[in-house]
Amino acid sequence: MADDQTLWEIERGFWLKGASHYRAHLHEACVFAFPEPTGLMRGTGFVEQIGEYSPWASVRFHEDVITRPSDAMAVLAYRAVGTRHDGDPHEAFCTTTYALALDTAPRLVQHQQTVIDPT
């Protein structure tokens, strides 16, 4: 089973790495809930949309919490503060759920972002 540090490293990779990271850690049934205009997406559609390029230049996690409701699941919750390559800032509360199995790497099954309005 993956330790907490490994899960946070995988999570950071979703922000900073491209589609190859998603393919390595994404469950095929994953569901994403992003603010508009992206909205709801399923795993493979999202990976195809982002391609190999990540729009994020940097990200920091704050107020991070991890819980394990069962041996088969881990839930991460945090405040993300990031900057896109174009310089635009982004801040959001996020939750991510991982399926944990003894015979495979952790797989992302759910990710949600609630944008924090800078005003």
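Here is a quick tour of the sheet, the helices packed on it, and the nonpolar core of this predicted model.

Let's start with the sheet. Six strands make up an open sheet with mixed pairing, and their order is β2-β1-β6-β5-β4-β3. The edges belong to β2 (40-42) and β3, each with a single partner strand, so one side of each has no neighbour in the sheet. On average, neighbouring strands are turned by 15° against each other, direction ignored. Further in, β1 and β6 (residues 104-115) run parallel and are joined by four bridges. Ala-33, for instance, has Gln-112 in β6 as its bridge partner.

| Helix | Strands it meets | Angle |
|---|---|---|
| α1 | β3, β4, β5 and β6 | about 140° with β3 |

Now for the core. The largest nonpolar core has 27 residues, and Trp-15, Phe-32 and Tyr-98 touch the most other members. Elements giving two or more residues to this core include α1 (4-16), β1 (26-33) and β5 (89-101). The top contributor is α1, with five residues.

Finally, a look at helix α2 (residues 19-25), which holds His-21. His-21 counts as buried because its relative accessible area is 9%, under the 20% cut-off. Beyond its neighbours within four places in sequence, His-21 contacts Ile-10, Gly-13 and Phe-14.

Methods:
Residues are numbered from 1 along each chain as its sequence is written. This is a predicted model: local features need pLDDT of at least 70, side-chain atom pairs count only at pLDDT 80 or more; totals for chains, interfaces and linings use all residues. Side-chain values use heavy atoms; hydrogens and water are left out. Buried means under 20% relative accessible area, exposed over 50%, partly exposed in between (1.4 Å probe, protein chains only). Contact means heavy atoms within 4.5 Å. A nonpolar core is a set of buried Ala, Val, Leu, Ile, Met, Phe, Trp, Tyr and Cys residues joined through side-chain atoms within 4.5 Å. Two strands pair if DSSP finds at least two bridges between them. Axes are lines fitted to C-alpha atoms, for helices over the stretch in contact, and angles run from 0 to 180 degrees between N-to-C directions.
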